[in-house]
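Hi there,

Here is the structure I promised to pass on to you. Have a look at it first, and then read my notes below.

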Amino acid sequence: MKLPEHGANPHRLYEQAGQKPPSDIIDFSENVHPFGPPDFVKEQWANFFGLVASYPDPQAEPFKSQAAIYHGVEKQHIAVGNGAAEIFTWLAKRYRNKRVLLVEPAFSEYRSTLTAEKIHIIEINLKPENSWQLQLDEVEKQLAHCDAFYLCNPHNPTGRLLDVPKLTEIAELCKGKCELVIDEAFIDFVGEHASFIPMLDSHPHVIIVRSMTKMYALAGLRLGYVIATADIISELTDSAAHWNVNGLAAAAGARCFSEETYRERVIAAATSERVKMEAYLEATGCTFIPSAANFLCFQLPNPQLSEPFFQAMLKAGIVLRHTYSFKGMDGQWFRIGMKSALAMERLRKEMHQWFRDN
Ligand SMILES: Cc1ncc(COP(=O)(O)O)c(C=O)c1O
């Protein structure tokens, strides 16, 4: 059975798993939070509609200017993409015919975009015996052989966070050897204090990728950006499509930066649901990876039952993120995005029932 490589789109998963989807599905396989976009998106929808007929700004304004203000960087240090996913296609072109170091398991788009450009991939494998933490001595060993090193912080799928001093140590190891790409797609769930962006001035070989789709629930609009030196930005966008960012995304995204209360509410809810879920997993003898993000990975007390558990949850309308496509997790772990309190309660209820029956 070949299951989809990504979370979300649960109907595709049911189709590939050979199951008929029940009428009531909760999708824990995607990491977008459950509150929907900030209120202004709905309130301003009529104004946004007016943008549909016109070509958008080719520099993704007004978004780019607002991103520059939010991060305190000059506009020439930012390029805006049709989601962070598009930026990974630009990066892969940058490293064409070169060698890139990846940490596995990881977001599968790193590998697929790099493979499309025939890049030689070197990998570091995170291991359960190290609590899935990155080992710096392994990084140091591999850096001599690569032109770029991709890191994800907090890491998807583990949720593990590297703090700024640790990131600085890694950035120093990379200096003079390779570029360091840090994917901060989920950093909003921790806070700007955990971002490496303020350190970029002293680390011009570091490239930061950000996404607007997770924190602001704009996955359908597609919006992400990259921050680096002006030279890197100009090289990255050399072959980018004109008007690559749609006008709705640029307008809605620009307003998102001022949504301080919304961000606080999302972080508080995701954290409180994560803590409740961790307590439940502990009480039922499951193993979980301590996460700083709005998702969590766990393993059953008997991992050999992972497949029937996954199928039983699907039957009950509970869509978990399988891990067959995450190297080293091999279907023996599950990732769940934090959803509403009610949805999380339903997940625990279904799990409880399954534990009773098995
Ligand atoms: C770690 C990571 N980076 C980047 C992305 C892509 O984000 P975007 O929706 O902005 O393309 C994802 C999407 O799931 C992700 O998990």
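**What I found**

Helices α12 and α13 are oblique to each other, because they pack at an angle of about 130°. Please keep in mind that this is a predicted model.

Let me stay with that pair for a moment. The axes of α12 and α13 (residues 341–357) are 11 Å apart, and α12 passes α13 in a right-handed crossing. On the α12 side the contact is made by Pro 308, Phe 309, Ala 312 and Met 313, and on the α13 side by Glu 350, Met 351 and Trp 354. Sorted by class, the residues of this contact are six nonpolar, no polar and one charged.

Helix α12 (residues 306–315) also packs with α1 (residues 10–17), at an angle of about 125° and with the axes 12 Å apart. These helices, α1 and α12, are therefore oblique to each other. Their crossing is left-handed. From α1, the residues Leu 13, Tyr 14 and Ala 17 meet Phe 310, Gln 311 and Leu 314 of α12.

Now turn to α7 and α8. How do their axes lie relative to each other? The axes of α7 (residues 136–143) and α8 (residues 164–174) come within 10 Å and cross at roughly 20°. An angle under 35 degrees counts as roughly parallel, so α7 and α8 are roughly parallel to each other. The crossing of α7 and α8 is right-handed. In α7, Leu 136, Glu 140 and Leu 143 take part, and they meet Lys 166, Glu 169, Ile 170, Leu 173 and Cys 174 in α8. The contact of α7 with α8 has five nonpolar residues, no polar ones and three charged.

**The wider layout**

Where they touch, 18 residues of domain 1 are in contact with 25 residues of domain 2.

UniProt, in an unreviewed entry, lists residues 24–347 as "domain: Aminotransferase class I/classII large". Over residues 24–347 the chain is 36% helix and 16% strand. The C-alpha atoms at the ends of residues 24–347 are 13 Å apart.

**Some backbone details**

Most peptide bonds are trans, and most residues other than glycine have a negative phi.

Which peptide bonds are cis? One joins Glu 61 and Pro 62, with omega about 10°. Pro 62 lies in the loop between α3 (45–49) and α4 (63–71). Another cis bond runs from Asn 156 to Pro 157, with omega near 20°. You will find Pro 157 in the loop between β5 (148–152) and α8.

Finally, look at Ser 131, a residue other than glycine with a positive phi, near 55°. Ser 131 sits in the loop between β4 (120–125) and α7.

Best wishes

Terms used. Residues are numbered from 1 along each chain as its sequence is written. This is a predicted model: local features need pLDDT of at least 70, side-chain atom pairs count only at pLDDT 80 or more; totals for chains, interfaces and linings use all residues. Side-chain values use heavy atoms; hydrogens and water are left out. Axes are lines fitted to C-alpha atoms, for helices over the stretch in contact, and angles run from 0 to 180 degrees between N-to-C directions. Helices (H or I, at least four residues) and strands (E, at least two) are DSSP runs, numbered from the N terminus. Angles under 35 degrees count as roughly parallel, over 145 as roughly antiparallel, 65 to 115 as roughly perpendicular and the rest as oblique. A crossing is left-handed if the near helix is turned anticlockwise from the far one by less than a right angle, and right-handed if clockwise. Contact means heavy atoms within 4.5 Å. Ala, Val, Leu, Ile, Met, Phe, Trp, Tyr, Cys and Pro count as nonpolar, Asp, Glu, Lys and Arg as charged, and the others, Gly among them, as polar. UniProt positions are given in the numbering used here, feature names are shortened, and annotations may be inferred rather than shown by experiment.
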